[in-house]
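Subject: Structure for your files

Hello,

Here is the structure I said I would pass on.

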Amino acid sequence: MLVFQIAIVSGKGGTGKTTLSASFSYLAKERVMADCDVDAPNLHIILKPQIIERHEYFGSKKAVLDQEKCVMCGVCEQVCRFDAIKFDSDRYVINEYACEGCGACTIACPAKALQLVQSLSGEYYLSKTDNGPMVHALLKPSEETSGDLIAEVRKLALKVAYDSQIPLVIIDGAPGIGCPATSSITSTNYVILVTEPTMSGLHDLRRIVETVRHFRIKMGVVINKYDINPSKTQEIEEYCKTEEIEMLGKIPYDECVKRATENAQPVILYDCSASEEIKRVWENVSSKI
Amino acid sequence: MKIMLATDSPSLESKISDRFARTSYFLIYNLENGNFDVIDNSSIGSHGAGPKAVQIAMDNDVSAIISAIPGETAMEAVRESKIKVYDGRGLSAKDAIGKFKSGELKEI
Amino acid sequence: MKITVLSGKGGTGKTTIATNLAYSLNVARKKVQLLDADVEEPNAHIFFNVNYNYEESVQILLPVIDRNLCTHCGICAKSCEFSAITVSPKYIMVFDNLCHGCGVCSMVCPVKAISERPKDIGTIKLGTTEEGIIFGEGIMNIGEPSPVRIIRQLKRHIDPSADVVILDAPPGTSCPVIETIHNTDFAIFVTEPTPFGLHDLKLAIESTREFNIPRGVVINRYDGSYKEVERYLDKEGIPILMTIPYDPEIARDYSTGFLFSKKGNYVDKFLDLFERVMTRC
């Protein structure tokens with residue numbers, strides 16, 4: 001059996017990526033959902049997963065100072081280029097938000113009082129939802145997102161798909177255009193790019209298209225709230241045409257999307273124009289599987 | 001001549017992983033005698049997985065890598081290292097080695 | 001008076017609040033400085049006509065390897081926590097975009113084959129808007145790993161003579177947000193009245209709790225139908241500073257880069273918001 005993987009990504013946050021993912025999760029007959037927006041996950045609000053398995057995630061390293069061993073020489077403060085070590089009244093203190101975990105202080109410390117420690121940065125879960133398994137994660141507040149946790153989420157989702165003979169994984173991708181977004185896309189079979197007709201929407205779309213091209217993955221574009229700025233929408237459509245990227249659909253700005261979100265339900269359970277268009281997009285996408 | 005395969009589990013029956021740098025295992029396979037070593041890649045860490053994986057390939061003196069498509073930074077490292085990468089998606093490690101020998105794999 | 005405007009995630013209207021607040025305070029003849037610290041995606045300038053009059057680059061130090069001295073021992077590659085160097089018997093490669101500029105490689109090289117050169121990772125641009133708002137923004141170059149330094153350098157340009165400094169923070173809850181909020185006097189969280197908005201608001205409030213700075217919330221796209229955000233804030237004792245109605249007109253204005261406080265009575269509403277902030281500091 002082959003598992004088909006679809007990623008839904010957007011560049012800028014707040015463009016309706018999760019709204020679309022949640023609807024697709026109901027429209028697909030059999031699927032494993034993977035929420036790769038580990039920084040501010042939202043998909044679980046609609047899918048209401050019940051956790052079956054918990055896994056710990058150890059992420060970034062930070063310097064930790066053993067006050068007992070510290071000889072107060074201040075070498076660590078001198079070598080730290082991130083202003084993460086400061087003398088505070090009677091001792092040296094590490095600002096863990098500023099520390100980038102480079103280890104310069106641990107190498108320079110003559111008393112071996114500093115160490116890099118990998119800390120528990122979050123958890124990821126295997127859960128069940130009404131219509132299939134879901135893998136999701138949560139980073140601890142103020143931990144930095146990396147491709148690492150996303151890779152774990154995707155690996156687990158794929159494993160579950162093979163183990164339960166489910167031929168489809170739908171990935172709600174990480175926002176942005178950096179490493180987390182890349183990690184959500186790599187080795188998928190199809191990428192859905194969700195954009196909106198704003199100044200920053202098109203800019204981000206171009207960037208994410210480059211990344212998808214690098215991985216040689218087929219893609220299509222959905223314009224959300226397309227009617228709030230017809231001329232920007234046209235600009236996006238022209239861009240897609242020039243770049244030979246398929247236009248999968250245009251979702252109107254619709255009151256019912258807000259109602260659905262408020263009630264923590266997928267839009268496709270509502271009878272409205274946005275819902276119709278989402279269904280049409282899904283039909284189009286599922287014909288590619 | 002040695003080749004490196006990015007796999008999901010530590011055996012020749014394993015699938016080639018969907019990920020290059022963040023694969024669970026690397027198999028270092030010796031084409032002359034059919035022996036292989038396993039490298040556990042599960043604690044690759046959060047930074048620079050791509051170059052780290054290429055470093056593993058160089059440290060083990062492999063001439064080719066069979067994997068999914070590497071990311072942009074990893075690809076840069078691969079190009080510089082002159083190691084060739086072949087697309088092994090969808091194959092088992094064993095089949096990938098067979099196809100590599102007969103020249104059927106596509107270079108990335 | 002330094003105010004940070006932040007939100008749990010993108011798309012809630014953070015920049016909308018920061019820009020309209022700056023505009024309104026300027027109308028009320030306050031001396032206002034607006035700093036866009038969302039350096040990966042600085043958008044505030046879209047809403048103004050900015051006359052830029054100063055620019056500086058943000059730099060980190062990158063390793064330069066003297067290939068005649070290098071013995072290919074590989075110690076630098078092993079010591080680099082970011083895998084920004086790879087070494088083989090024949091090659092040595094530096095990955096500029098992975099390098100954090102920490103200097104560890106040059107520290108550990110046993111034959112002193114590594115020196116350093118500055119590399120631009122971003123730009124700080126300063127200027128004044130048409131209306132007279134003192135404006136600044138940080139712009140991170142594409143592909144750079146860490147925005148924190150750019151934010152730190154941008155904050156060095158905080159104008160001490162300004163009555164109010166408004167910082168537009170990056171979205172999310174991680175280090176760049178912490179860097180922005182550090183040493184400011186008030187935090188305005190922008191959210192929307194949906195379960196998504198509430199969830200992300202909670203994360204944002206959690207991650208900044210230990211800073212213990214006064215704070216309040218603006219609910220954007222408010223129509224009174226979803227009450228959970230208000231319930232949560234009531235329970236936490238966090239004040240609602242302002243609500244902005246759900247209005248397609250405002251969304252349209254945003255998409256064309258128009259400040260909606262230029263219409264109607266929004267300036268007064270933003271000044272009310274500012275009054276509420278002042279009474280809580």
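**Sheets**

In chain C, strand 9 (residues 186-191) and strand 10 (residues 215-222) pair in the parallel sense over five bridges. Strands here are DSSP runs of E of at least two residues, helices are runs of H or I of at least four, and both are numbered from the N terminus; two strands pair if DSSP finds at least two bridges between them. Within this pair, T191(C) stands opposite I219(C) of strand 10 of chain C.

Before the rest, the conventions. The model is predicted, with local features needing pLDDT of at least 70 and side-chain atom pairs counting only at pLDDT 80 or more, while totals for chains, interfaces and linings use all residues. Residues are numbered from 1 along each chain as its sequence is written, chains are lettered from A and ligands numbered from 1 in the order in which they are written, and side-chain values use heavy atoms, with hydrogens and water left out.

Strand 2 (residues 32-35) and strand 7 (residues 132-139) of chain A run parallel and are joined by two bridges, with M33(A) opposite M134(A) in strand 7.

**Chain contacts**

Contact means heavy atoms within 4.5 Å. By that rule, 50 residues of chain A touch 52 residues of chain C. The two chains bury about 4,300 Å² between them, 57% of it on carbon and sulfur atoms; buried area is the accessible area (1.4 Å probe) that two parts lose on being put together, summed over both. On the chain A side, R81(A), Y97(A) and Y253(A) lose the most area to chain C, together 16% of what that side buries.

Between chain B and chain C the buried area is about 1,100 Å², with 69% from carbon and sulfur atoms. H47(B), Q55(B) and M58(B) lose the most area on the chain B side, together 41% of what that side buries.

**Second largest pocket**

The lining of the second largest pocket has 37 residues, with S43(B), I44(B), G45(B), K52(B) and S83(C) nearest its centre. A pocket is an open set of points on a 1 Å grid over the protein atoms alone, where a 1.4 Å probe fits, with protein on both sides within 12 Å along at least five of seven lines; lining residues have an atom within 4 Å of a point. Strand 3 of chain A gives the largest share of this lining, six residues.

Regards
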